[in-house]
Amino acid sequence: MSQVAQQLDDIRGTIEDEIPDDIAITEVTYEGPELVVYTRNPKKFARNGDLIRQLASNLRKRITVRPDPAVLAKPADAREEILQVIPEEAGVTDLDFHVDTGEVVIEAEKPGMVIGRHGSTLREITQEVGWTPEVVRTPPIESSTVKNVRNFLKQERDDRRDILERIGRQIHREEMSDDEWVRITTLGCCREVGRAAFILSTPETRVLVDCGDKPGAEDEVPYLQVPEALGSGASSLDAVVLTHAHLDHSALIPLLFKYGYDGPIYTTEPTRDLMGLLTLDYLDVATKEGRTPPYESEMVREAIKHTIPLEYGDVTDIAPDIKLTMHNAGHILGSAISHFHVGDGLYNVAFSGDIHYEDTRLFNGAVNDFPRVETLVLESTYGGRNDYQTDQEDSERKLRDVIQRTYDQDGKVLIPAFAVGRSQEIMLVLEEAMREGRIPEMPVHLDGMIWEATAIHTTYPEYLRDDLRDRIFHEDENPFLAEQFNHIDEGEDERRDVADGEPAIILSTSGMVTGGPIMSWLEHLGPDPDSRLVFVGYQAQGTLGRRIQNGWDEIPLGNGNGRGRGNTVTMRMDVETVDGFSGHADRQGLENFVRTMNPRPEKVLCVHGDESSTQDLSSALYHEYNMRTFAPKNLETFRFV
């Protein structure tokens, strides 16, 4: 008998000793980080609400109880009884029964009413029909991405269960080494912005944190070929952790599966969906620009199938010697600071990903309350000594002024924006400004993936700022459904009509002018002196956006990076930058994030910023807080313990 099989046998014995004699256990298995207990008496388990909690506490494992398929009510009968238990105002839109796991997925407009106070309605459902309910939200704006991901996971349920059982055996295996050390190797995004990738390794485990591309530099990818990464084979990785879905962190994660990786990806549920949306678009853009995509769309599906979504604050075993907890990073939907607890209290490391420390219109500010962090890997995008962003109120006032001036000239305001994060932030600013009469009402055209990304935001309102979440719950108050928002879905003809029409605002991808529909808008509006191009987000070095910001007025339309063949357009439209809308903390925010940590870390690695930004922030933190700080280069390894 294998070690894991013996372990499960022992756990089953412990459970049977602690539960009442009239509850029968038929199987105990691991599925990913969770211990799954199958029983012939799910109704009795449900009646004793504290029983699962007690078992989880005693065994120190996350436990899911499922009914043995042999004892389930027929789906047709169960459907009727479930709908009688759930209040009608919950707005149930779909019930999907999975006989293999005994789960029924309930899609509802108001999931809280399906769950009930402290899970009371869920327990009542199990008591009535035996099925284990899982609740998901009906998106207020239909998202083809969310729909496709849910349908795909439903189709792949058997395969996914096999994957999870295999991952579970890996996580819960016995430790094989008596050595104790922790290392971090930098594979990208050091003294540069983009291609984020790190290896966190112990004698037992190797975890890859992020795997992105570099905006505007298609040939610069993380150093995956080195022995610490994939040099010894992708299968040598135990886990991948994704902090958020922006392509400079996620673009090359599907590539891992092309190279033979077959393990888990840990991230939040909205990040999983956004990763699917953005990486598929990444492949599409590469094809349209005549480049060979680095992987096929099938690899994106593999990545989604291997994703294990985590909620903020859940402590999760991802290896025999590592626990992972994700916390809100305040950057984009589902973005997470990833906290690793290594060994039995041996060492703690946190990777910030990208963070925004203050509250924004979209999100609560980043969490920095950890029991322990000895080393913090901290983004430094705006870490330079002069990188202080305008206060949000002043930024919004400046944007309103720009829009008013352009409207008075009968021009158009063109805003390049990331589909995820900045676009929704700007939409909220525009909706409020028009509703309160601070700027004239006019169409706001959303081009590229912005509408689809917005739909995903409304699917996961629990990840948004508290007051915004409450507004989305009430359809008549949902700001994203305001009538001025128009999704461009007819392509070039519609763009031409908008360009020739009345004053309007256009939000378009890509945010750094590296390709996509923004190139078409520059062709239509670039020669118009009455219109304005307004940058509201970070423009990385080497991107066309940064060059335009620096004064370029002959714009190549080939592929957006200044190297492609094609027409050029002479820019006569004004170019303005409105700071303060970035999803990144500025210098003060980064310092405040570290200053208010209690306890503060012993070491800080300043990454994800250009050379001067990382060095400036590293020096400042050293002098202000007397901690060891570093501005590492790519391919450095740090040993801790």
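**Notebook: loops, cavity and helix contacts**

I first located P599, which lies in the loop between α21 (587-595) and β26 (603-607). Helices here are DSSP runs of H or I with at least four residues, strands are runs of E with at least two, and both are numbered from the N terminus. The model is predicted, so local features need pLDDT of at least 70 and side-chain atom pairs count only at pLDDT 80 or more, while totals for chains, interfaces and linings use all residues. Residues are numbered from 1 along each chain as its sequence is written, and side-chain values use heavy atoms, with hydrogens and water left out.

**Backbone entries**

I looked up the peptide bond from N598 to P599 and found it cis, with omega near 0 degrees. I noted a cis peptide bond between T509 and S510 as well, where omega is about 5 degrees. S510 sits in the loop between β21 (504-508) and α19 (518-525).

I then turned to phi. Most residues other than glycine have a negative phi, and most peptide bonds are trans. C189, which is not a glycine, has a positive phi near 60 degrees. I placed C189 in the loop between β7 (182-188) and β8 (197-201). C189 counts as buried because its relative accessibility is 2%; buried means under 20% relative accessible area, exposed over 50%, and partly exposed in between, with a 1.4 Å probe and protein chains only.

H608 is not a glycine either, and its phi is positive at about 55 degrees. I found H608 in the loop between β26 and α22 (611-625). At 2% relative accessibility, H608 is buried.

**Cavity entry**

A cavity is a set of points, on a 1 Å grid over the protein atoms alone, where a 1.4 Å probe fits but cannot get out; lining residues have an atom within 4 Å of a point. Grid points are joined across faces, edges and corners, and the volume is the space filled by probe spheres set on the points. The largest cavity has a volume of about 90 Å³. I listed 16 lining residues, with F198, D210, H249, G353 and V607 nearest the centre. Strand β17 (residues 375-379) gives the largest share of this lining, 3 residues.

**Helix entries**

I examined helix α7 (residues 144-155) against helix α12 (residues 269-288): their axes come within 10 Å and cross at roughly 105 degrees. α7 is therefore roughly perpendicular to α12, a term for angles of 65 to 115 degrees, with under 35 roughly parallel, over 145 roughly antiparallel and the rest oblique. Axes are lines fitted to C-alpha atoms, for helices over the stretch in contact, and angles run from 0 to 180 degrees between N-to-C directions. T145, V146, V149 and L153 of α7 meet R272, D273 and L277 of α12; contact means heavy atoms within 4.5 Å.

I repeated the check for α7 and helix α13 (residues 297-305), whose axes come within 10 Å and cross at roughly 75 degrees. This makes α7 roughly perpendicular to α13. V149, F152 and L153 of α7 form the contact with R301, I304 and K305 of α13.

**Strand entry**

D574 is partly exposed, at 32% relative accessibility. Not counting residues up to four places away in sequence, D574 touches S531, R532 and L533.

Note on methods:
1 Å grid on protein atoms, 1.4 Å probe; cavity = no way out; pocket = protein on both sides within 12 Å on 5 of 7 lines; lining within 4 Å.
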